[in-house]
Amino acid sequence: MSFAENCTAVVNALSEIKIVPVLVLDDVKSGLKMCEILVECGLPAAEITFRTAAAGEVIREAAKAFPQLYIGAGTILNVRDLERAFLAGARFAVAPGFNPTVVKAAVANEWAFAPGVCTPSEVEQAMELGCRFLKFFPAEAAGGVKMVSSLIAPYKHLGVKFMPTGGITTANVAAYLAVKEIVAVGGTWLGKSAEIQAGNWEAIRATVTAAVELKNNL
């Protein structure tokens, strides 16, 4: 499929999942445990960020162990990590900012990729390169639901879709998902690094279960 078609497939998949846990994982063992909990609790998606050296290996092993898990790669800041992510088995990738070099590499390889934006100028630059699936980051710090709604307004007729991430919690997730052009949100409150490192799996499981109940009731 083309870049556009692959991005559309991701948008369709994430629109069913709604909340994508954003994970910073230090090792494969804890990463697989976290993925196991997501699958068991009925939240079959994860954005595994390239903020640690283990990210590529975690994606590779998780993709093999949990084929039902819709795995994305986050914090993609360069072409090298973009390639590593998709070769490892990522279904999509996102970045905190708009880097034309990375976007062009994703388009050339037909890899579903959402660059990060928080201004109209960035939206238009991303669209010029063929992107219609964008990450709004940092969501709350950049103005929250009011800002992303204003950002969407001039472009909604062009079919642009967004996945806001950053500062989203159980208190505001419903407001984000109520916006038609928002297909999903990045769940930064799920699987926090400190809890994963401490092995607080029951607490994590409870948080994930609550998130599933919340999205099912929207």
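The side chain of aspartate 26 makes a polar contact with the side chain of glutamine 197, at 2.7 Å. (A polar contact is a pair of N or O atoms within 3.5 Å; within protein, one must be able to donate a hydrogen and the other to accept it, and residues adjacent in sequence count only if both atoms are side-chain atoms.) Keep in mind that this is a predicted model, where local features need pLDDT of at least 70, side-chain atom pairs count only at pLDDT 80 or more, and totals for chains, interfaces and linings use all residues. Residues are numbered from 1 along each chain as its sequence is written, and side-chain values use heavy atoms, with hydrogens and water left out.

**Around aspartate 26**
- Aspartate 26 sits in the loop between strand S1 (19–23) and helix H2 (28–41); helices (H or I, at least four residues) and strands (E, at least two) are DSSP runs, numbered from the N terminus.
- With 44% relative accessibility, aspartate 26 is partly exposed, where buried means under 20% relative accessible area, exposed over 50%, and partly exposed in between (1.4 Å probe, protein chains only).
- Beyond its neighbours within four places in sequence, aspartate 26 is in contact with Thr52, Ala54 and Gln197; contact means heavy atoms within 4.5 Å.
- Alanine 53 is 27 residues from aspartate 26 in sequence, yet their C-alpha atoms are 7.3 Å apart.

- All 5 of the 5 residues in strand S3 (residues 70–74) are buried.
- Tyr70, Gly72 and Gly74 point one way from S3, while Ile71 and Ala73 point the other way.
- Strand S2 (residues 45–49) runs parallel to S3, joined by 5 bridges; two strands pair if DSSP finds at least two bridges between them.
- Alanine 45 has tyrosine 70 as its bridge partner in S3.
- Between S2 and S3 the chain passes through helix H3 (residues 55–65), giving a right-handed β-α-β crossover; right-handed means that, with the strands pointing away from the viewer, the path from the first strand over the helix to the second runs clockwise.
- On to strand S4 (residues 92–94): S3 pairs with S4 in the parallel sense over 2 bridges, and alanine 73 has alanine 93 as its bridge partner there.
- S3, helix H4 (residues 79–88) and S4 also form a right-handed β-α-β unit.

**Buried glutamate 47**
- Glutamate 47 lies in S2 and is buried, at a relative accessible area of 1%.
- Not counting residues up to four places away in sequence, glutamate 47 touches a list of residues including Gly72, Ala73, Gly74, Val94 and Lys135.

- The largest nonpolar core has 84 residues, and Leu14, Leu82, Phe113, Phe162 and Val208 have the most contacts inside it. (Such a core is a set of buried Ala, Val, Leu, Ile, Met, Phe, Trp, Tyr and Cys residues joined through side-chain atoms within 4.5 Å.)
- Helix H1 (residues 3–17) supplies the largest share of this core, 7 residues.
- In helix H7 (residues 144–152), Gly144, Val148, Leu151 and Ile152 are buried.
- Those residues are on the same side of H7 because they cover an arc of only 100° around the axis, taken from the directions from the helix axis to the C-beta atoms.

- Phenylalanine 137 and proline 138 are joined by a cis peptide bond, with omega about -10°.
- Threonine 75, in the loop between S3 and H4, has a positive phi of about 55° although it is not a glycine.
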